[in-house]
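The paragraphs below start with the confidence of the model and then turn to its aromatic rings. Please keep the sequence and the structure in view while reading.

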Amino acid sequence: MTPVLALFLLFSPAVHEPPALLLHGGGAAPRAWLGAVRSALWVCWDDGSRRGAPDAACWQRVDLPPGAPDPREARAAFLDAATAVVRGADDATFVLTRGDPSLQPADAAIDPRERLVAIACSPNGHVPIYSRGSWAWAPSPCPLPAGQCVRGPAIGRMRRPLGLDVFVRLELRADVRRGVGPATEATTSTSVVASLGVAFDPLRWVGRQLAWGELHAARHPQLRELPATRSRGPLAMQEREALAAIVCGGEVR
């Protein structure tokens with residue numbers, strides 16, 4: 001083989017496998033994956049028994065019955081950790097169950113929306129790659145997307161203001177009386193006067209009600225926006241928790 005021919009075969013696009021199209025199980029099946037290479041459909045039901053990267057032996061090829069959609073054009077979704085639904089452009093719907101490597105016809109009422117796409121990072125830190133007829137895992141964690149945190153009430157419970165102003169007044173009176181003649185001594189009398197009053201000011205009552213409404217609304221838990229993290233992997237979670245503590249001091253959603 002000449003050196004020129006060897007270099008041509010080495011760098012020829014036909015030598016390399018096409019990128020696999022993938023769908024992660026999401027919250028319903030965080031350890032499950034669907035993969036499509038050319039017109040073949042693959043599924044991974046990882047049980048999470050290994051630490052670190054998932055088990056590369058979890059992948060198995062799915063038997064496509066007649067009428068099954070092309071995996072590259074189908075829509076799919078995971079219903080739980082053992083069930084996936086695949087639907088084609090003609091609305092033919094199939095279900096894939098863990099332990100059964102073939103698609104089975106299913107109720108057409110189930111309408112998955114996501115398609116298998118090429119992805120560069122993974123929520124669980126590893127991306128499946130297909131090369132030379134087999135699957136492997138590459139570490140590629142994603143940064144956390146933008147989220148929200150819950151901020152609790154900043155003030156305590158308040159009572160609704162009343163429309164009446166109640167006031168109490170105490171008055172101390174001292175009267176000094178002097179005698180008429182030089183032989184007559186001066187006398188002093190002291191008295192305490194207490195009064196209780198009730199007043200109503202409509203304008204002040206309206207202003208209190210408006211102020212109470214604003215303060216009462218501030219007591220309800222509020223959702224605050226959090227930006228996407230710049231870190232990846234375990235450091236991204238620490239970044240999110242620190243940012244949530246600064247913005248909300250509460251629970252991360």
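The model is predicted, and its chain averages a pLDDT of 79. A score of at least 70 is reached by 75% of the residues. Over residues 3-15 the pLDDT stays under 50. For that stretch the model has four contacts beyond four places in sequence.

Now to the aromatic rings. The structure holds seven aromatic pairs. One of these joins Trp42 and Trp135, whose ring centres are 6.1 Å apart with 65 degrees between the planes. The arrangement is edge-to-face, since planes over 60 degrees apart count as such. Trp42 belongs to strand E3 (residues 40-45) and Trp135 to strand E11 (residues 134-139). The two residues are 93 residues apart, and their pair links distant parts of the chain. Both Trp42 and Trp135 are buried.

Strand E11 also carries Trp137, which pairs with Trp59 of strand E4 (residues 59-61). Here the ring centres lie 6.0 Å apart and the planes meet at 35 degrees, so the pair is tilted. Trp59 is buried, as is Trp137.

Definitions and conventions
Residues are numbered from 1 along each chain as its sequence is written. This is a predicted model: local features need pLDDT of at least 70, side-chain atom pairs count only at pLDDT 80 or more; totals for chains, interfaces and linings use all residues. Side-chain values use heavy atoms; hydrogens and water are left out. pLDDT is the predictor's confidence in each residue, from 0 to 100. Contact means heavy atoms within 4.5 Å. Rings of Phe, Tyr and Trp (its six-membered ring) pair if their centres lie within 6.5 Å; planes under 30 degrees apart count as stacked, over 60 as edge-to-face and the rest as tilted. Helices (H or I, at least four residues) and strands (E, at least two) are DSSP runs, numbered from the N terminus. Buried means under 20% relative accessible area, exposed over 50%, partly exposed in between (1.4 Å probe, protein chains only).
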